[in-house]
Every structure is written in C-alpha cells, then in structure tokens.
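Please look over the sequence and the model first.

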Amino acid sequence: MENVVVVGAGLAGLQTVVALRQQGYAGRLTLLGAEPHPPYDRPPLSKDVLAGKVEDTTLEADWAALDVTLQLGCRATGLCPGHVETEAGPVPYDGLVIATGADPVRLPGPGSVLRTIEDARALRQVLRPGRRVVVVGAGWLGAEVATTAAGAGCAVTVVEALDTPLAGVLPAEVGRHFTPWYAAAGVELLLGESVAAVEPGAVRLATGVELPADHVVVGIGVRPATGWLAGSGVPLDARGAVVTDEYLRAGLPGVYAVGDCVTWPSRRYGVRMHVEHWDNALHAPAVAAANLLGDEVRYDPVPYFWSEQFGRVVQYAGHHPAGDRLVWRGDPAGETWAACWLSGDRLVAILTVDRPRDLAQARRILDRDALVDADRLADPDLPLKAAAR
C-alpha cells in the first residue's frame, strides 16, 4: 500500500494519521478536511469556548514528522473505486479511511446550531445579560449550552419534546433526576413541548404558545456526514451511518471508517453500536490503521462519554440497554450519585454525577466483564471496586 487518504480532519482523522505513522506506514498520506482549520477539539466548544475562556482548541500535531499532505477547505463530494471526488478534483487512493463525522440536525428558520468553532464564536457574541435565549432540545448539548447561557446572564428557556431531559439516551427513571438542575440554575425547562416553528424573534410551540427569543439554539441531535458516499457501494444504515464489520471495514476493498459516522457490531453487547462521542473518535483509528496495514484487530470497546452541566460533571460508561436491573449508588436527589445497570450479576453500564472515582473503578470492572455484588455496589460509602467479585 503506497497511497492512503483519510477523509475528515477532525479528531478521528488526525488520530488515524498518527496511528498509521506510529504503526510503520511510510507511504504517501493525505488528510482531507471540509473545514479550513487543522483538526481541533469539539467538546470544549459548548463549554470553554462558548464561555470565552478559550479561543482556540486546535489539536497538537507534528505535521512535519507526520509527513502528511493537508488539503483543508476541501469537501469530499463522492467516492469512486480508487479515488475520492472533491471540490478541488479527484484524489487517488489505494487505502481509504472515512472519518467525516456528523452534521447537526437543523430546524427551518433562524435558529443556530453548535458544531464548529465558528458556530461557538458566533454564539458567544450573542450571549449577553438579559438576552432571551431559547434552546431546543434537552440533550447533552442543549444542557451544556443552557448552562453557559445562564452563566452569561441570559434568560434561558429549554424546550424538550420528550418527557424528561436526556430522554433520547437515558431511561426516564434516570433522566427525570436531571430536571431539578434546570430550575436551580434559573433555566426554564418545558418538557413534552414540540416546536412548530422557529421564527424571527420567537419560537412557536405546537400548542400555539409563542416564546419570545432574541436567539434560538437548536440542539436536537446529529446525523452522519455521509451524503457524499451515496452510490459508492459503501453500505449505509437508515440514519446514514457507515455499516462496518468488527474490523471497521466499510464494504469496499481497502476502505475503513471510524468515528461518529460509523456503526459496528459489538460482540461484548451483542448489538450493532453507533457512538457519537469523543472517546470513540480517539480510539477507533488505531484499530482501523492496524487493519488497513494487514492486521486483524476487532473493535469492541466499552463506550465512554462525559458532560459538564449546571456545575456538575456527568460521566457514563457501558451500554445500559444490555442491563435488566438498575441499582442506585447514593441518593439521586443528592449532590453526588451513580446509576448502575446490571445484567444478572454483571455490571454493564454506569452513569455518575460528580463521582469520578466510581467511574474510573467501574470502567476497569466493565473492561474485565467482572461480576459484582449488588448490595455492596449500592453502598456509596464503599469503594465501588469493593463490589467486584
């Protein structure tokens, strides 16, 4: 293999380039990115960048040592055997890694989204004391934006179509415990309310109620950025995610895929996984790189992600749909607590609120697929590792 192209210049793309060089690939290497910036970190966009604490989140890279051709501001438009079609013309390859990530779901009207560094900088300019900000969606991103906006002195309303915060990712019995955080932060939370239209100066709900809004932020999820793969032969699922095998092969010779745009089969959980979080973009590239270079390494991680909202650090590891029992560790009405999901006596997932040691110890148990004692697990005064058998 003499000519590898990586499409997508985010964290996953950069990690793929680094992994290829670290694993001995010495051939030609090209990194294509639709944005004009070198790879940067996205999680701080809704936190430190939006709050004005950080201006730039460019990821460190020794580009000279990596010896990679950077083609930034160059969007992929199609894929044919042996070359990627781009706005600047075809780019040939004999090995390809797709790492194009995801695009935010938008609503018609003047609402903004938060996905790029430009989005964060522009939104930061409108978060001023007294401004009326409506956030559509009480997911991870919506909560983080609401946190920052309220901290900037804005009058914030969050509108969520479902009945609890984080309803798209957590069961209601857990998500409902996030509800009081909004009121405590001075944020109005409207649950079970659908948005009919985003209009200049207002958000109109399906009930006909109009919420005055100086600015609207839409945070209702993302979709894989894979439209450019239509007709290429790369298999896509109903949401547009690249369907890979457990080795991250993407259905065509020499083509692999990593990051937010991928769904892969997990032996650990017995289902196909689609994880749109930083940790996946960090670790999958090493597996794809190894397999592109002739190895056979399965990708089957324990998913992990985190969020900072309303003065709390929320962390999650595992896959809770694999569980059949929920064990609380501490009082979820209190300041610190954890929700633990078990399948029989096996820990399959954990969500922690300001309990970083619990999360770290749980990750080791999850990695080992160890059994736990549920009674000891439920005792928040015992180290979580003491519950492992």
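## Terms and model

A polar contact is a pair of N or O atoms within 3.5 Å; within protein, one must be able to donate a hydrogen and the other to accept it, and residues adjacent in sequence count only if both atoms are side-chain atoms. The model is predicted: local features need pLDDT of at least 70, side-chain atom pairs count only at pLDDT 80 or more, and totals for chains, interfaces and linings use all residues. Numbering starts from 1 along each chain as its sequence is written, and side-chain values use heavy atoms, with hydrogens and water left out.

## Threonine 86

Threonine 86 sits in strand S5 (residues 83-86). Strands (E, at least two residues) and helices (H or I, at least four) are DSSP runs, numbered from the N terminus. A polar atom of the threonine 86 side chain lies 3.0 Å from the backbone nitrogen of alanine 88. The backbone oxygen of glycine 89 lies 2.6 Å from a polar atom of that side chain.

Threonine 86 is buried, at 8% relative accessible area. Buried means under 20%, exposed over 50%, and partly exposed in between (1.4 Å probe, protein chains only). Contact means heavy atoms within 4.5 Å. Beyond four places in sequence, threonine 86 contacts Leu32, Cys74, Arg75, Ala76, Thr77 and Val91.

## Nonpolar cores

A nonpolar core is a set of buried Ala, Val, Leu, Ile, Met, Phe, Trp, Tyr and Cys residues joined through side-chain atoms within 4.5 Å. The largest has 70 residues. Leu347 is one of those with the most contacts inside it. Not counting residues up to four places away, leucine 347 touches Cys340, Trp341, Leu342, Ala362, Ile365, Leu366, Ala370, Val372 and Leu377. A second, separate core has 42 residues, including Tyr40 and Val126.

On a 1 Å grid over the protein atoms alone, a cavity is a set of points where a 1.4 Å probe fits but cannot get out; a pocket is an open set with protein on both sides within 12 Å along at least five of seven lines; lining residues have an atom within 4 Å of a point. Grid points are joined across faces, edges and corners, and a volume is the space filled by probe spheres set on the points. The whole structure holds 2 cavities of 30 Å³ or more.

Arg268, Tyr269, Arg346, Leu347, Val348, Leu366 and Asp369 line it. Strand S25 (residues 346-353) gives the most, with 3 residues. Glycine 318, in strand S22, is buried at 3%. Among its contacts beyond four places in sequence are Tyr269, Val348 and Leu366.

Helix H4 (140-151) and strand S21 (304-309) each supply at least two lining residues. H4 gives the most, with 3. Phe310 also belongs to the lining.

Most residues other than glycine have a negative phi. Phenylalanine 310 has a positive phi of about 50°. Phenylalanine 310 lies in the loop between S21 and strand S22 (312-318) and is buried, at 11%. Aspartate 67 also has a positive phi of about 50°. Aspartate 67 is in the loop between helix H2 (63-66) and strand S3 (69-72), and is exposed at 54%.
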